[in-house]
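Please examine the sequence and the three-dimensional model shown below. The paragraphs that follow move from a pocket to the helices, the nonpolar core, the aromatic pairs and several individual residues.

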Amino acid sequence: MSRRRNPCCPCFRMSSKYQHDKIQKKTFTKWINYHLETHNSSRQVEDLFEDLRDGVLLCHLIEVLTGEALPVHKGRVSKRVHHISNLTTALTVLRRRGLELINNNPTDLADGNPRIVLGLVWQMILHFQVESNLQLLAEWGFEAPASTSSTSSAASTPIGKLKSSVDRVILRWVSAEVAKKHGIPVSDMDKSWRDGVAFNALVHRSRPELVDMERVRRSTPRENIESAFRLAEEHLNIRPLLDVEDVLCDKPDKRSIITYVTQFIRVTTSLRPIEPQPLGSPSVTRFRSLIQWIASTSQVAMTFDPRSDLYAQYQVSG
């Protein structure tokens with residue numbers, strides 16, 4: 001008779017941690033490779049822990065994310081001193097960009113330390129993808145509740161200070177945009193996504209004609225997840241960072257779910273309806289000023305005399 005493992009058992013926790021690290025490694029590798037596709041001279045990451053050790057691909061990734069050219073040693077004979085130099089360059093740029101890399105050092109990355117590598121990539125995802133989307137959510141009113149010790153909003157607080165509330169902010173957005181509308185219980189960024197209904201609701205949010213939510217409720221989790229991932233990639237340009245099996249488990253990896261789901265925030269930006277503005281609002285005032293400027297400029301252009309000295313002064317001789 002088989003015995004069920006106790007969730008409180010250290011072996012169970014170790015197995016769960018290993019599974020999450022495995023999923024993160026796969027998700028983060030896909031995230032990196034999608035960005036590296038736009039780099040002119042970069043290859044793809046095959047083994048996350050091995051391929052970042054020399055710092056070359058990490059520097060290429062940072063170049064794509066920041067638009068900043070980095071001095072990278074890519075000689076045929078690459079030694080550890082060159083690896084450390086590349087990694088030092090990469091970490092220096094990231095810190096200058098505002099990432100809080102407290103436990104990251106070039107030596108650990110050169111050694112391919114799994115915990116350090118996963119932590120670094122997660123910091124980059126938070127900074128370059130999640131933070132900008134959280135700022136959008138803050139503008140829409142979905143920022144996390146202010147703590148008792150600080151009154152700063154999600155839009156003005158560095159991402160390092162928001163780590164504990166990232167999932168809460170996203171959950172507020174998911175709840176407001178899709179969960180309440182379809183009666184979907186989404187209370188976390190892991191288990192609530194296992195049946196695939198919430199993924200389909202996100203697709204429905206932007207392209208309602210693509211998803212029959214009643215049919216989704218009658219379908220199996222695998223069917224729902226497969227369909228949502230396919231539709232999101234084909235019609236919304238959502239990168240398939242997750243595999244179906246990554247979600248069909250006891251407790252999906254939260255960081256991987258967040259990395260995938262936050263892509264939808266940017267998609268809905270372009271599809272968000274324009275709300276009517278009050279007549280005295282700044283946007284309406286600026287629009288009226290623009291119209292007046294166009295009208296006055298057009299009037300000047302219509303009355304301009306090409307025979308004037310000013311006109312002749314700026315003619316290009318043949």
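Helix α6 contributes eight residues to the lining of the second largest pocket, the largest share. The model described here is a predicted one. Two elements, α1 and α6, each give two or more residues to the lining of this pocket. In total, 19 residues line the second largest pocket, and Arg115, Leu118, Gly119, Leu120 and Arg255 are those that lie nearest its centre. The volume of the second largest pocket is about 420 Å³. Its lining divides by class into seven nonpolar, six polar and six charged residues.

The protein as a whole contains 15 helices and zero strands. Of its 318 residues, 42% count as buried. Among the contacts in the protein with a separation of 6 or more, 61% are accounted for by residues 24 or more positions apart.

The largest nonpolar core has 75 residues, of which Leu48, Met124, Trp193, Phe199, Tyr260 and Val261 touch the most other members. The element that gives the most to this core is α6, with twelve residues. For Trp193, the contacts beyond four places in sequence are Val174, Val186, Asp188, Ala198, Phe199, Leu202, Val247, Ile257 and Val261.

How enclosed is helix α3 by the rest of the structure? Helix α3 spans residues 56–66, and ten of its eleven residues are buried, so the helix is largely enclosed by the rest of the structure. The buried residues of α3 are Val56, Leu57, Leu58, Cys59, His60, Leu61, Ile62, Glu63, Leu65 and Thr66. After α3 comes Gly67, which has a positive phi near 75°.

The aromatic side chains can be considered next. A pair of aromatic rings is described by the distance of the centres and the angle of the planes. Six aromatic pairs are found in a search of the whole structure. In one of them, the ring centres of Phe28 and Trp122 are 6.2 Å apart and the planes meet at 10°, so this pair is stacked. The two partners belong to distant parts of the chain, 94 residues apart: Phe28 lies in helix α1 (residues 10–36) and Trp122 in helix α6 (residues 114–139). Phe28 and Trp122 are both buried.

A pair with another geometry is formed by Phe229 and Tyr260. Their ring centres lie 5.0 Å apart with the planes at 55°, so the pair is tilted. This pair also links distant parts of the chain, with Phe229 in helix α10 (residues 221–236) and Tyr260 in helix α12 (residues 254–261), 31 residues apart. Phe229 and Tyr260 are both buried. Both residues also belong to a cluster linked by ring pairs, together with Trp193, Phe199 and Phe264. Trp193, Phe199 and Tyr260 are also among the residues that touch the most other members of the largest nonpolar core.

Three individual residues complete the account. Ile265 is located in helix α13 (residues 263–271). Is Ile265 buried or exposed? Ile265 is buried, because its relative accessible area is 0%, and burial requires a value under 20%. Apart from neighbours within four places in sequence, Ile265 is in contact with Asn133, Leu137, Trp140 and Trp173. Ile265 and Leu202 are separated by 63 residues in sequence, and their C-alpha atoms are 9.3 Å apart in space.

His204 sits in helix α8 (residues 197–206). With a relative accessibility of 13%, His204 counts as buried. When residues up to four places away in sequence are not counted, His204 touches Lys181, His182, Val211 and Met213.

Asn237 occupies the loop between α10 and α11 (244–247). What is the phi of Asn237? The phi of Asn237 is positive, about 60°, although this residue is not a glycine. Asn237 counts as exposed, because its relative accessibility is 65% and the threshold for exposure is over 50%.

Technical notes
Residues are numbered from 1 along each chain as its sequence is written. This is a predicted model: local features need pLDDT of at least 70, side-chain atom pairs count only at pLDDT 80 or more; totals for chains, interfaces and linings use all residues. Side-chain values use heavy atoms; hydrogens and water are left out. Rings of Phe, Tyr and Trp (its six-membered ring) pair if their centres lie within 6.5 Å; planes under 30 degrees apart count as stacked, over 60 as edge-to-face and the rest as tilted. Helices (H or I, at least four residues) and strands (E, at least two) are DSSP runs, numbered from the N terminus. Buried means under 20% relative accessible area, exposed over 50%, partly exposed in between (1.4 Å probe, protein chains only). On a 1 Å grid over the protein atoms alone, a cavity is a set of points where a 1.4 Å probe fits but cannot get out, and a pocket is an open set with protein on both sides within 12 Å along at least five of seven lines; lining residues have an atom within 4 Å of a point. Grid points are joined across faces, edges and corners, and a volume is the space filled by probe spheres set on the points. Ala, Val, Leu, Ile, Met, Phe, Trp, Tyr, Cys and Pro count as nonpolar, Asp, Glu, Lys and Arg as charged, and the others, Gly among them, as polar. Contact means heavy atoms within 4.5 Å. A nonpolar core is a set of buried Ala, Val, Leu, Ile, Met, Phe, Trp, Tyr and Cys residues joined through side-chain atoms within 4.5 Å.
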